[in-house]
Amino acid sequence: MYRELGKVWNSAKLLFDYKKINKTFEEALPNADFRIGLVAFIMAGFIGSSVAAISKFEEVHFGIYTYNTFSEVAEIGTVALDTEPIIKFAMLQLLIAFPFGVIFHLGYERVIYQIFKMVGGKATFAQHYYVSAIMAMAFAMVSFLGLLAPLPCLGVTAVVAIIILTLYFILYVNARAYEIAHKIPFAYALIAILVFLIPRLLIITFVMTIAGNALEIPEYYEIGGA
């Protein structure tokens, strides 16, 4: 199991080099295993949710630090870290976003798989899901840049890098993965991704909003002196 998961991790790393995309997926397909793909996606989801929770803590910590630094000059009073909203946000990520993401992704990939089969796709579902899991692991790697986003000196650069890499993986690498696995035209794969992109984002946003409201998570972390 560990060796197989290591192969998924190594394949995900290679995807950052666009010249190695085709070879990476072609070499991964013979190793396709649904069970390994599912475990890999669970790992990727856990990494992404954990990084999001830590990033939120960093954001709040630096916000309070900045506020207290200026408050000493302005003599408006300092504030202490209120951990309750952060704990709720961590719960949202690890107890709701993480398991929901795993289940939703499985259903989403099943729908995409059936569509590709209708247009002549050749991959088995194990192969389809396995290359998708490699993609998910690559996204987990990208999520580590979120740890740099709250930093004053690196925040803008990190956010720009996240946006560029996200578009690169969604619109190019993901389509290439489907193309290679199913042996279908790249345009077919890209169209399917684009058609489902907005509904996918809307569903995720709706579920996370409902969950956030249920946990009474404030939209913004309020910092104020006393």
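The expected span of a helix is 1.5 Å times one less than its number of residues. In this predicted model, helix α5 has 19 residues and reaches 26 Å from its first C-alpha to its last, close to the expected 27 Å. Helix α5 is also mostly covered, with 16 of its 19 residues buried.

**The largest pocket**

The largest pocket holds about 1,400 Å³ of space, and 39 residues line it. Gly 48, Phe 139, Ser 143, Arg 200 and Ile 204 are the lining residues nearest its centre.

Helix α4 supplies the largest share of the lining, eleven residues. By residue class, the lining of the largest pocket divides into 23 nonpolar, twelve polar and four charged residues.

His 105 lies in helix α4. Its relative accessible area is 5%; because buried means under 20% relative accessible area, His 105 counts as buried. The side chain of His 105 is joined to that of Ser 132 by a polar contact of 2.9 Å. When residues up to four places away in sequence are not counted, His 105 touches Phe 41, Tyr 129, Ser 132 and Arg 200. Of these contacts, Arg 200 is also one of the residues nearest the centre of the largest pocket.

Key. Residues are numbered from 1 along each chain as its sequence is written. This is a predicted model: local features need pLDDT of at least 70, side-chain atom pairs count only at pLDDT 80 or more; totals for chains, interfaces and linings use all residues. Side-chain values use heavy atoms; hydrogens and water are left out. On a 1 Å grid over the protein atoms alone, a cavity is a set of points where a 1.4 Å probe fits but cannot get out, and a pocket is an open set with protein on both sides within 12 Å along at least five of seven lines; lining residues have an atom within 4 Å of a point. Grid points are joined across faces, edges and corners, and a volume is the space filled by probe spheres set on the points. Helices (H or I, at least four residues) and strands (E, at least two) are DSSP runs, numbered from the N terminus. Ala, Val, Leu, Ile, Met, Phe, Trp, Tyr, Cys and Pro count as nonpolar, Asp, Glu, Lys and Arg as charged, and the others, Gly among them, as polar. Buried means under 20% relative accessible area, exposed over 50%, partly exposed in between (1.4 Å probe, protein chains only). A polar contact is a pair of N or O atoms within 3.5 Å; within protein, one must be able to donate a hydrogen and the other to accept it, and residues adjacent in sequence count only if both atoms are side-chain atoms. Contact means heavy atoms within 4.5 Å.
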